[in-house]
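Please consult the sequence and the coordinates alongside the text.

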Amino acid sequence: MKIRTLLLAALALSLGWATIPSASARLRVTTTTTDLAALAEAIGGEQVDVHSLSRPLQDAHYLDATPGMVVRIGRSDLFIENGFELEMGWVPEVLRETRNRSVRPGGPGHVDASAGIQAIQVPERVMRDMGDVHPSGNPHYTLDPVLAQQAARNIANGLIRVAPQHADYFRSNLDAYIEKSDAVVASWLEKFEAHAGAQVIIYHKHFDYMLKKLGLNIVDAIEPLPGLAPSARHVAGLIAQYRDSDVKMVIMEPWHDQRVGRQVADAIDVPLLVLCPTVGSCDAATDVIALFEVNARKILDALEGK
Ligand SMILES: [Zn+2]
């Protein structure tokens with residue numbers, strides 16, 4: 001990594017920043033993903049300035065640590081990471097380089113948003129050397145806004161630690177988030193009742209928490225392991241297995257090779273749905289609740305042949 005050689009320049013920039021008085025008294029919150037940024041905004045409201053280190057169409061499994069990230073985290077009041085090793089390729093390195101002890105694990109300014117969440121798909125045997133990027137189970141829990149309530153709680157606790165004077169405000173925003181996510185998801189569960197158990201094939205195990213919440217049956221994944229691109233032989237095997245099946249659609253993310261998804265979908269004669277993987281990746285996906293709704297709508301339309 002070039003990060004050490006570039007750190008000096010980054011540090012100078014950081015010091016420059018430190019000498020400029022903050023334009024507002026807002027808390028500086030840095031998150032690894034746009035989903036977490038949306039949750040932090042929902043809870044922090046007018047008391048926070050939130051920045052996500054990844055952009056909406058960047059797969060957070062595969063970012064590289066940069067000096068800019070070290071600078072950003074260095075001047076943050078709160079750093080929120082997804083956990084379940086989603087960011088294992090870059091966040092540990094950034095945290096090693098920062099002099100801001102508060103945002104390191106165990107510090108008051110650090111939040112592991114996954115604390116208290118039970119991951120699905122925890123592998124019995126981790127095949128990291130094969131490229132498994134889900135060694136601690138599926139990390140994409142923010143696709144289910146109800147499950148993300150626990151992340152919102154963890155974020156609220158972090159905000160209260162660094163700004164206890166606003167505790168009542170954060171708690172009331174948390175309550176509002178919980179109430180809204182419960183209501184919105186319940187309304188979609190009703191719409192999906194008629195499709196309980198509908199079979200889908202996915203590419204990466206990205207939307208699984210959402211698909212399970214909606215009562216759909218994920219029968220297979222095009223990736224043989226999360227993070228491992230499929231071989232031609234694997235794809236041919238999937239096509240042979242599902243050509244005469246009840247599979248309703250193939251679901252994938254825009255950052256994976258859509259030709260492979262298209263090949264499988266066409267061969268088994270079902271639609272290919274490229275869903276919105278993160279907050280901000282589609283115009284209407286303005287927060288984690290809206291993200292759920294945008295994707296649920298696309299799936300429902302496909303199930304109903306629209
Ligand atoms: Zn993943």
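Asp 257 is partly exposed, at a relative accessible area of 30%, where buried means under 20%, exposed over 50% and partly exposed in between (1.4 Å probe, protein chains only). Its salt-bridge partner is Arg 259, with the closest N and O atoms 3.1 Å apart. Arg 259 itself is exposed, with a relative accessible area of 64%.

The model is predicted, so local features need pLDDT of at least 70 and side-chain atom pairs count only at pLDDT 80 or more, while totals for chains, interfaces and linings use all residues. Residues are numbered from 1 along each chain as its sequence is written, and side-chain values use heavy atoms, with hydrogens and water left out.

**Salt bridges**

The structure contains 7 salt bridges, a salt bridge being a side-chain nitrogen of Lys or Arg within 4 Å of a carboxyl oxygen of Asp or Glu. Among them are the following.

| Pair | N to O distance |
|---|---|
| Arg 171 and Asp 168 | 3.8 Å |
| Arg 259 and Asp 257 | 3.1 Å |
| Arg 262 and Asp 266 | 3.2 Å |

Arg 171 and Asp 168 are 3 residues apart in helix H6 (residues 167–192), which separates them by about one helical turn. Helices (H or I, at least four residues) and strands (E, at least two) are DSSP runs, numbered from the N terminus. Within this pair, Arg 171 is partly exposed at 44% relative accessible area, and Asp 168 counts as exposed at 62%.

Arg 262 and Asp 266 lie 4 residues apart in helix H9 (residues 258–268), again about one helical turn. Arg 262 is partly exposed, with a relative accessible area of 38%, and Asp 266 is likewise partly exposed, at 47%.

**Zinc site**

Which residues coordinate the zinc ion? The donors are the NE2 atoms of His 61, His 134, His 140 and His 204, at 1.9 to 2.0 Å. Donors are N, O and S atoms within 2.8 Å of the metal (3.2 Å for Na, K and Ca); water is not among the atoms, so sites may look incomplete.

The 4 donor atoms subtend angles of 103 to 117° around the zinc ion, so the arrangement is tetrahedral; four donors count as such if all angles lie between 85 and 135 degrees. The ideal angle for four tetrahedral donors is 109.5 degrees.

In sequence, the donor residues follow the spacing H-x72-H-x5-H-x63-H. His 61 lies in the loop between strand E2 (48–52) and helix H3 (67–74), and His 134 in the loop between strand E4 (110–112) and helix H5 (148–162), so the pair ties together parts that are 73 residues apart in sequence. Both His 61 and His 134 are buried.

Key
Tetrahedral: all angles 85-135°; square planar, octahedral: opposite > 155°, others 65-115°.
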